[in-house]
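Open your viewer and get ready to select as you read.

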Amino acid sequence: MAKAQDKKEEMVVEKEIQPKKDKNLSSEKSFLESISGIGPTTKKRLEEAGYGSKEAIALATRAQLTEISGIAEKTASILISEARARFDLGLKKGTEFETAARSRQKLTTSSKVFDELLAGGFETGSITEIAGENGCGKTQIAHQMAVNCIKYFDRDVIWIDTEGTFRFNRIVQVAQAMDLDPDSVLSRITVGRAYNSEHQMALTEEAITTVPNVGLIIVDSLMAHFRSEFAGRATLAERQQLIGKHLSFIAKQTEMLNCVGLVTNQVSAKPDALFFGDPNKPVGGNVVGHTVTTRLMIRKGKDIKRTATLTKNPELPDGKIEFAITSEGVRDFKK
Ligand code: GTP
Ligand code: MG
């Protein structure tokens with residue numbers, strides 16, 4: 001019965017779907033409403049599947065949309081091409097890349113040597129991954145970068161917190177150390193506490209479509225839920241597919257919004273670890289390794305001392321520096 005109803009709805013949608021010319025196309029929230037033939041039921045289904053915004057649809061494949069009941073091939077094609085047209089995801093000349101590259105900014109880490117390792121700091125337009133063992137300081141770095149985004153970019157922060165480790169009092173300490181008003185800093189950080197991987201993906205998409213003027217998107221930690229929910233070989237392919245979707249969505253958003261993407265990641269022991277170098281590798285396999293543009297490995301030293309090793313960036317040489325995590329935040333390590 002439900003199937004027959006779906007089929008009927010699919011036919012209606014397929015026949016009538018087309019962009020409406022008279023709607024306010026610049027409004028993020030009205031994208032689905034601006035496509036005639038998308039009724040309330042189809043809209044709800046798309047939203048429930050995580051495709052409520054033009055950003056999400058622009059990055060979707062036809063196969064992903066047609067998995068949703070009531071969405072026919074033609075509907076999916078029109079939705080995707082319309083969303084992409086409004087986002088200008090088409091072909092570009094080489095010169096446009098040059099323009100885009102010139103518009104990239106660097107967000108300082110508050111440590112001079114750390115900034116030098118990254119030729120100025122965390123870059124906008126792509127994802128930087130910070131990986132390392134428990135307590136190495138990944139979340140601490142995220143707190144510093146959140147405050148720095150507000151101070152130096154004067155743009156807001158989205159913080160997707162999967163482990164409940166966002167600490168408003170650390171933001172207060174870091175902000176005060178920089179002579180900022182803690183309340184005004186806190187008011188510019190939107191925190192989404194994600195309770196499972198599906199929630200994590202949905203919150204990320206919702207935050208990106210609702211928070212204006214975003215300069216930094218933090219996901220801390222990227223893999224924790226996925227790892228605990230998809231244990232074992234049997235679910236590995238599904239897990240990797242979902243992580244790929246989640247990360248490539250964030251990567252595209254960082255590019256389109258020209259903001260910094262910061263994901264933290266856990267590590268696991270390398271099975272073939274040698275006696276030198278880092279015995280750990282970030283989890284998440286090639287999907288994560290390929291999607292992040294910059295990869296930093298953090299290791300804990302004595303007391304406040306930490307090391308950061310740059311292991312991946314298309315424009316910078318690998319390198320290693322020492323820095324400190326103090327009560328005021330990230331700083332240079334002074335011997
Ligand atoms: P997991 O999320 O468990 O993987 O760890 P993480 O890498 O996110 O570690 P986190 O950033 O939470 O770092 C915790 C460590 O930061 C603590 O063990 C301390 O060493 C350091 N830390 C936290 N707060 C302070 C502080 O106020 N002063 C100083 N000096 N260090 C701090
Ligand atoms: Mg942490």
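**Stop one: the ligand**

Select ligand 1 together with Cys-136: a polar backbone atom of Cys-136 sits 3.3 Å from an oxygen atom of the ligand. That makes a polar contact, meaning a pair of N or O atoms within 3.5 Å; within protein, one must be able to donate a hydrogen and the other to accept it, and residues adjacent in sequence count only if both atoms are side-chain atoms. Before you go on, note that this is a predicted model, in which local features need pLDDT of at least 70 and side-chain atom pairs count only at pLDDT 80 or more, while totals for chains, interfaces and linings use all residues. Residues are numbered from 1 along each chain as its sequence is written, chains are lettered from A and ligands numbered from 1 in the order in which they are written, and side-chain values use heavy atoms, with hydrogens and water left out.

Then pick Ile-325, which has a polar backbone atom 3.3 Å from a nitrogen atom of ligand 1. Taken alone, ligand 1 exposes 670 Å², and the protein buries 68% of that (Shrake-Rupley method, 1.4 Å probe).

By class, 3 are nonpolar, 7 polar and 5 charged, with Gly counted among the polar ones. Helix H8 (138-153) gives the largest share, 3 residues, and strand S14 (319-326) also supplies at least two. Helices (H or I, at least four residues) and strands (E, at least two) are DSSP runs, numbered from the N terminus.

**Stop two: helix H9**

Select residues 168-177, helix H9, where the buried residues include Ile-171, Val-172 and Val-174; buried means under 20% relative accessible area (1.4 Å probe, protein chains only). Their cover includes H8 and S14. Just after H9, click Asp-179, which takes a positive phi of about 60°.

Go to Thr-124, in the loop between strands S4 (122-123) and S5 (127-132). What does the side chain of Thr-124 reach at 2.8 Å? The backbone nitrogen of Gln-105; the Thr-124 side chain also makes a polar contact with the side chain of Asn-258 (2.8 Å). Thr-124 is buried, at 0% relative accessibility.

Finish at Met-223, in the loop between strand S8 (214-220) and helix H12 (224-229). Met-223 touches (heavy atoms within 4.5 Å) residues including Arg-239, Ile-243 and Val-283.

Note on methods:
Buried means under 20% relative accessible area, exposed over 50%, partly exposed in between (1.4 Å probe, protein chains only). Lists of a residue's contacts leave out its neighbours within four places in sequence.
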